[in-house]
Amino acid sequence: MPQARLCSCWGSRLLPLLLAYICYLLLGATVFQLLEKQAEAQSRDQFQFEKLRFLENYTCLDQRALEQFVQVIMEAWVKGVNPKGNSTNPSNWDFGSSFFFAGTVVTTIGYGNLAPSTEAGQVFCVFYALVGIPLNVVFLNHLGAGLHTHLATFERWEEQPRRSQLLQILGLALFLTLGTLVILIFPPMVFSHVEGWSFGEGFYFAFITLSTIGFGDYVVGTDPSKHYISVYRSLAAIWILLGLAWLALVFPLGPLLLHRCSQLWLLSRGL
């Protein structure tokens with residue numbers, strides 16, 4: 001009987017959550033379709049128009065030859081070769097770029113704009129990820145556990161004087177504010193300046209990266225027309241690791257800070 005009651009309780013909680021999950025996916029699909037489908041159709045029509053105009057200007061080519069050339073460009077892009085520029089474009093596999101790629105593997109970001117093309121590289125990537133992904137998870141969990149031990153005094157918050165309570169809340173709020181600036185505000189400004197993006201695009205890249213979604217529509221250090229410093233992509237990889245570590249700290253701190261602020265406000269009102 002207790003087991004049946006437990007299963008019934010679990011099922012009663014799971015069904016509403018499942019329905020909410022499905023409804024959220026349906027909502028997202030509907031909104032994305034409304035926002036993006038028309039723009040996609042316009043881009044497709046524009047691309048077809050440009051192909052036809054190219055054939056009109058270069059009559060020595062036919063439709064088949066052009067389609068073969070487009071296929072070559074697509075295959076180059078899939079292999080991480082930017083078709084813009086020439087053979088002097090910076091390598092995707094210099095040490096800085098390789099370090100950046102290694103970081104995207106262990107953090108499961110996986111932009112999708114670059115992947116190993118050799119069989120040996122693909123096999124190594126599999127075993128590297130098998131070890132690196134759990135190592136990354138253990139590191140972030142250990143970081144969160146370390147923070148929990150340092151927050152022991154904050155957990156005994158009610159036992160401390162009102163002045164000490166206020167100072168702890170202000171210190172925690174300052175830490176979260178500075179972390180947000182250093183991780184989520186300043187880096188997008190730098191990326192926007194270096195890459196020629198708007199701040200919105202830089203902030204979008206930062207969020208998509210640190211959330212490990214990693215669409216690959218915006219990736220730093222891939223424009224062949226720009227001259228990047230040699231350590232640019234390595235610094236970006238370090239920023240990703242620090243950003244993920246900071247998020248691992250913020251997730252337990254944010255709700256705790258809100259709870260303590262509400263408690264302090266109630267105490268100040270004499271409730």
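Is L178 buried, partly exposed or exposed? I began with this residue, keeping in mind that the model is predicted, that local features need pLDDT of at least 70 and side-chain atom pairs pLDDT 80 or more, while totals for chains, interfaces and linings use all residues. I noted too that residues are numbered from 1 along each chain as its sequence is written, and that side-chain values use heavy atoms, with hydrogens and water left out.

Entry one, the residue. I found L178 in helix α6, where helices are DSSP runs of H or I with at least four residues, strands are runs of E with at least two, and both are numbered from the N terminus. L178 has a relative accessible area of 46% and is therefore partly exposed, which lies between buried (under 20%) and exposed (over 50%), with a 1.4 Å probe and protein chains only.

I looked up the nonpolar surface patch of about 1,100 Å², whose residues include L178, F186, F203 and F215.

I recorded eight helices and zero strands, and of the 271 residues 29% count as buried. The accessible surface, from the Shrake-Rupley method with a 1.4 Å probe, comes to about 18,700 Å², of which 69% belongs to carbon and sulfur atoms.

Terms used:
Patch = residues over 30% accessible without salt bridge, like charges linked within 9 Å, V, L, I, M, F, W, Y side chains within 5 Å. Salt bridge = Lys/Arg side-chain N within 4 Å of Asp/Glu carboxyl O.
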